[in-house]
Amino acid sequence: MTTSAQLPQLPFHQNHPLEAPAGLRALRSRGTIQPVRTSVGHIAWLVTGYNQVRALLDDDRLGRSHPRPEMAARSGQSALFGGPLGDFDTEAGDHARMRALLQPHFSPKHLRALVPRVEALTAGLLDELSEQRPPTDLHAKLALPLPILVICELLGVPYADRGQFRAWTEDAGNVCDHARSERGLAELFGYGMTLVERKRAHPEDDVMSRLATTDGVSDVEAASLSMFLLFAGHETTVVRIGLGALLLLTNSEQWRALGDNAALIPNAVEELLRATSTGGGAGGIPRYARTDFEIDGVAFHVGDLVLLDIGSANHDPSAFDDPNRIDFARRAATHLSFGHGSRYCIGAPLARIELKTVFAQLIPRFPSMHLALEPAALEMRGDVLAGGLIELPVSW
């Protein structure tokens with residue numbers, strides 16, 4: 001019988017930013033639902049199969065809350081996602097209210113109006129990039145600033161404050177230091193309260209102003225929702241731009257193909273979203289069993305920690321033929337990078353706009369761009385929730 005001490009421990013070490021860790025590949029070979037130890041030594045179920053992850057993402061027998069939070073297994077030290085969140089008795093209603101308040105601000109009408117601004121912001125950053133003497137860091141010059149600029153415009157957050165809130169969001173997402181994560185959250189919330197007070201007094205045409213002036217929405221709720229959007233609205237997109245560019249730069253024929261035919265870009269973005277989430281990391285999206293139930297012969301019990309590994313699901317060969325191959329014409333199963341079902345990412349359309357705009361402009365402007373380092377030499381962040389590259393040196 002395997003003891004808890006003998007279980008594989010997360011995170012699995014990743015030798016290459018575009019390849020699944022060897023430890024994860026070995027675990028997947030034993031089955032799609034396996035017991036593991038989290039980075040803090042707690043026992044969890046790691047789910048890696050496409051069909052299982054997709055089903056469980058939209059299964060109301062799992063949630064983010066726990067009936068006894070003080071007893072819950074933790075996936076890490078992050079105050080945001082390292083343990084349970086919310087009230088076990090009211091979670092469903094609270095989640096529905098949050099989505100109802102936020103969804104209108106990400107409507108097709110609002111986002112269509114934002115497209116020209118995203119295009120202008122991207123062009124401005126590429127103008128600045130063209131003035132640099134290569135090699136330079138594409139992460140620092142494009143992948144990082146663009147999503148921050150865009151979410152600031154959408155929310156009505158001053159871009160001049162980016163140094164402050166970027167530091168707080170990084171602290172809040174820290175997976176190694178719980179106290180630091182809590183401090184970052186507190187600072188971010190305090191900043192949000194200050195902005196909400198300002199928006200109530202002087203509303204503008206932005207999401208924070210509309211939330212702050214919505215009947216029945218308190219200052220606390222408006223600040224919490226806004227700062228959640230500020231965090232979630234740029235962290236993951238920063239990562240996807242960087243890794244997407246890296247993947248294309250390691251497949252020069254694909255880089256040229258997009259330069260020759262811009263009509264390929266929408267499909268290419270979907271394939272990049274699928275292919276750049278390789279799995280591993282902290283193990284996946286944390287959920288807790290709300291009741292006893294069984295899936296594929298595995299019994300979950302109330303309170304069990306279940307980690308849904310979207311990256312592994314996106315590379316499941318039963319769902320994606322030859323999953324390690326980049327195929328812009330792929331028409332197989334839909335990737336799960338934005339989740340599925342009732343918890344599907346509200347900001348997914350915005351992320352797609354940013355990614356499409358980046359590659360539609362970057363490749364024609366820099367057709368000869370290439371990596372200045374071997375991909376295996378690039379370092380990934382292991383201290384924050386979103387992960388991603390530390391830098392992406394390029395030349396042209």
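A crossing of two helices is right-handed if the near helix is turned clockwise from the far one by less than a right angle. The legends below describe close-up views of a predicted model.

**View 1. Helices α4 and α6 form a right-handed crossing.** Helix α4 covers residues 108-130 and helix α6 covers residues 145-155. Their axes lie 10 Å apart, at an angle of about 145°. On the α4 side, the contact is made by L114, R117, V118, L121, T122 and L125. On the α6 side, P145, L146, L149, V150, E153 and L154 take part. By class, the contact residues of the two helices split into 9 nonpolar, 1 polar and 2 charged.

**View 2. Helix α12 is mostly covered.** Of its 11 residues, 8 are buried. These are I265, A268, V269, E271, L272, L273, R274 and A275. Helices α10, α11 (252-260) and α14 (348-365) are among the elements that cover them.

**View 3. S277 sits in the loop between α12 and β5.** Helix α12 spans 265-275 and strand β5 spans 285-289. S277 has a relative accessibility of 8%, so this serine counts as buried; the cut-off is under 20%. A polar atom of the S277 side chain lies 3.4 Å from the backbone oxygen of L273. L273 is itself one of the buried residues of α12. Beyond four places in sequence, S277 touches R240, G311, N314, H315 and S337.

**View 4. L305 is buried in strand β8.** The strand runs over residues 305-308. L305 has a relative accessible area of 2%.

**View 5. D219 and R200 meet in a salt bridge.** Side chains of opposite charge can pair when their charged atoms come close. For D219 and R200, the N to O distance is 2.3 Å. The pair links distant parts of the chain, 19 residues apart. D219 belongs to helix α10 (residues 219-249) and R200 to helix α8 (residues 178-201). D219 is partly exposed, with a relative accessible area of 30%. R200 is also partly exposed, at 33%.

**View 6. D59 forms a salt bridge with R61.** The closest N and O atoms are 2.8 Å apart. D59 is buried, at 13% relative accessible area. R61 is partly exposed, at 32%.

**View 7. R325 and D322 form a salt bridge.** Their closest N and O atoms are separated by 3.1 Å. R325 is partly exposed, with 34% relative accessibility. D322 is partly exposed too, with a relative accessible area of 39%.

**View 8. Five residues are linked in a network of salt bridges.** The members are R166, E170, E235, R381 and D383. The structure as a whole holds 21 salt bridges.

Definitions and conventions:
Residues are numbered from 1 along each chain as its sequence is written. This is a predicted model: local features need pLDDT of at least 70, side-chain atom pairs count only at pLDDT 80 or more; totals for chains, interfaces and linings use all residues. Side-chain values use heavy atoms; hydrogens and water are left out. Helices (H or I, at least four residues) and strands (E, at least two) are DSSP runs, numbered from the N terminus. Buried means under 20% relative accessible area, exposed over 50%, partly exposed in between (1.4 Å probe, protein chains only). A polar contact is a pair of N or O atoms within 3.5 Å; within protein, one must be able to donate a hydrogen and the other to accept it, and residues adjacent in sequence count only if both atoms are side-chain atoms. Contact means heavy atoms within 4.5 Å. Axes are lines fitted to C-alpha atoms, for helices over the stretch in contact, and angles run from 0 to 180 degrees between N-to-C directions. Ala, Val, Leu, Ile, Met, Phe, Trp, Tyr, Cys and Pro count as nonpolar, Asp, Glu, Lys and Arg as charged, and the others, Gly among them, as polar. A salt bridge is a side-chain nitrogen of Lys or Arg within 4 Å of a carboxyl oxygen of Asp or Glu.
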